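Here is a quick tour of one model, written for someone who likes the cut-offs spelled out. Have the coordinates open as you read.

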Amino acid sequence: MLIDFFHALRSARLPVSVKEHLALLEALQAGVVGPNSDGAWAIDDFYHLARTVLVKDEKHYDRFDRAFGAYFHGVELVADFTKEIPLDWLRKTLERELTPEQKAAIEKMGWDELMETLKKRLEEQKERHEGGSKWIGTGGTSPFGHGGYNPQGVRIGGAGRNKSAVKVWDQRAYKDYDDTQELGTRNIKVALRRLRKFARQGLAEELDLDDTIHSTAANAGYLDIRMVPERRNNVKVLLLMDVGGTMDEHVARVEELFSAVKSEFKHLEFYYFHNCVYDFMWKNNRRRFSEKFPTQDIIRKYNKDYKLIFVGDATMSPYEILQPGGSVEYNNEEAGAEWLQRLTHAFPKYAWINPEPQGVWQYRQSIGVIQQLMSQRMYPLTLKGLEETMRLLSK
C-alpha cells in the first residue's frame with residue numbers, strides 16, 4: 001500500500017526510510033485519519049498525517065509539498081482562512097477584456113482616497129457585485145476585489161493578474177528557497193568567485209610544502225613537517241531575499257543563486273522580506289510572523305565588513321516603498337525607503353540583483369525608485385550581471 005507514493009518521495013530526494021513508511025501505514029490502519037461521512041477521503045488530513053510521520057526536518061517541507069502534489073495529480077491544500085468579507089462576493093464568473101482606450105479612461109485613486117473609499121465600501125456594501133466599477137467584487141474595473149482591471153487598487157482574494165495592487169487582503173504563505181537545489185551549470189559559482197578574499201584561519205591542517213622543504217634543509221636533512229591553516233574565502237555576505245508574490249515566477253533561478261552563494265561563502269547570513277524591506281525580516285517563511293528579526297537589530301549585529309546583497313524583482317506599487325503603511329500586508333510605521341537607506345548606509349558595499357529581464361525595467365515605476373535608492377547599483381540575474389555585481393563589491 002502506498003509503495004508508489006513512497007518511491008515518489010524518494011525520487012524527490014527526501015530522506016524517507018522504510019521504517020517511517022511502515023509507521024504511516026500503521027497510523028492509517030489504526031484509523032488516525034479516515035473517510036468522511038460521505039465515504040470520501042479528506043486529502044488534507046492525510047497530507048498532515050503523512051508530513052508529520054515522514055518529514056523530520058522543516059527544511060524538507062517544501063520538497064515534500066511538491067512531491068505530494070505531483071503524486072496526487074496536482075491536488076492542492078485549501079486552508080480555511082476566516083475573512084470578514086463573504087467568500088461569495090469573491091467568486092469569479094466573469095472575465096472581461098478591456099481595450100487600451102478603455103483602460104486609459106479608468107481613473108487612478110491616490111493612496112489616501114483609496115484607503116478612505118475602501119473603508120466606506122465595507123460599511124455600505126451588503127451583497128455581492130460582479131463586473132462593476134464601484135463595489136468590492138470581481139471581473140470589473142472597481143479598485144476593490146480581483147479578476148478585473150484597475151490601474152491601482154486593493155486586491156481582495158484571488159490571484160494577481162495585472163500586478164497593480166497596492167494592498168493585498170488575503171492570508172498568504174511563502175516557502176523558503178531550497179538551498180540544496182542542484183545547479184544546472186557551474187557558471188554562477190564561477191561568477192561569484194570574483195568576490196574572494198582568502199585568509200588562513202583556524203587549525204593548522206594543511207601541509208606547507210615550501211616551508212617543510214626549507215625547515216628540513218635547515219635541520220641537516222631531518223624531516224621537519226610544517227603545517228598551516230587551510231585557506232578560506234573570508235568575505236562576509238549579508239543576503240536579503242524577496243519572497244512571495246511576483247517572485248514566485250523566479251523561484252528556480254533564485255534557488256540556483258542561493259545554492260551557489262551558500263557553497264561559495266562560508267560567512268553568509270540571510271533573511272527574507274516581501275517586496276520591500278521594512279522594520280522586520282525573517283529566516284523561516286512558515287514562522288515569519290512568530291519569529292521576526294527587527295531590521296534595526298540586524299544593522300547593529302553585523303559590522304561594515306559585510307557585503308550587502310538584495311535579491312528581488314523590485315516589482316510593486318511605489319507606495320510600498322515611499323508611503324508609511326504602504327506594505328501590502330500590514331501598516332508599517334516608516335516607509336520602506338527609510339529602511340533601505342539605513343541598510344545601505346550601514347553597509348557601504350551593497351548591490352541589488354534583479355531576476356526580472358532588464359528590458360522591462362523601464363516600464364516598472366517601482367524598479368526606477370529602487371534603482372535611485374540603490375544609487376543605480378542594480379544588476380540583472382545573468383552571468384554578466386553577477387560578474388558586474390561581484391566586481392563592484394570587491395572594490
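Tyr-47 and Phe-64 are both buried, where buried means under 20% relative accessible area, exposed over 50% and partly exposed in between (1.4 Å probe, protein chains only). This is a predicted model, so local features need pLDDT of at least 70 and side-chain atom pairs count only at pLDDT 80 or more, while totals for chains, interfaces and linings use all residues. Residues are numbered from 1 along each chain as its sequence is written, and side-chain values use heavy atoms, with hydrogens and water left out.

## Aromatic pairs

Searching the whole structure turns up 16 aromatic pairs. The rule: rings of Phe, Tyr and Trp (its six-membered ring) pair if their centres lie within 6.5 Å, with planes under 30 degrees apart counting as stacked, over 60 as edge-to-face and the rest as tilted. Tyr-47 and Phe-64 make a tilted pair, because their ring centres are 5.8 Å apart and their planes sit at 40°. Since Tyr-47 lies in helix α3 and Phe-64 in helix α4, the pair ties together parts that are 17 residues apart in sequence. Helices here are DSSP runs (H or I, at least four residues), as are strands (E, at least two), numbered from the N terminus. Ring pairs also link Phe-5, Phe-46, Tyr-47, Phe-64 and Phe-68 into a cluster.

## Helix α4

What about the rest of α4? Of the 11 residues of this helix (residues 61–71), 8 are buried, so α4 is largely enclosed by the rest of the structure. The buried set includes Arg-63, Asp-62 and Asp-65, plus Phe-64 and Phe-68. The buried residues pack against α1 (3–11), α3 and α9 (251–264), with contact meaning heavy atoms within 4.5 Å.

## Asn-332 and its loop

Now to the loop between α11 (319–322) and α12 (336–346), where Asn-332 is found. Asn-332 has 3% relative accessibility, so it counts as buried. Its side chain reaches the backbone nitrogen of Ser-327 at 2.9 Å and the backbone oxygen of Glu-334 at 2.8 Å. Polar contacts like these are pairs of N or O atoms within 3.5 Å; within protein, one must be able to donate a hydrogen and the other to accept it, and residues adjacent in sequence count only if both atoms are side-chain atoms. Leaving out residues up to four places away in sequence, Asn-332 touches Tyr-278, Asp-279, Gln-323, Pro-324, Gly-325, Gly-326 and Ser-327.
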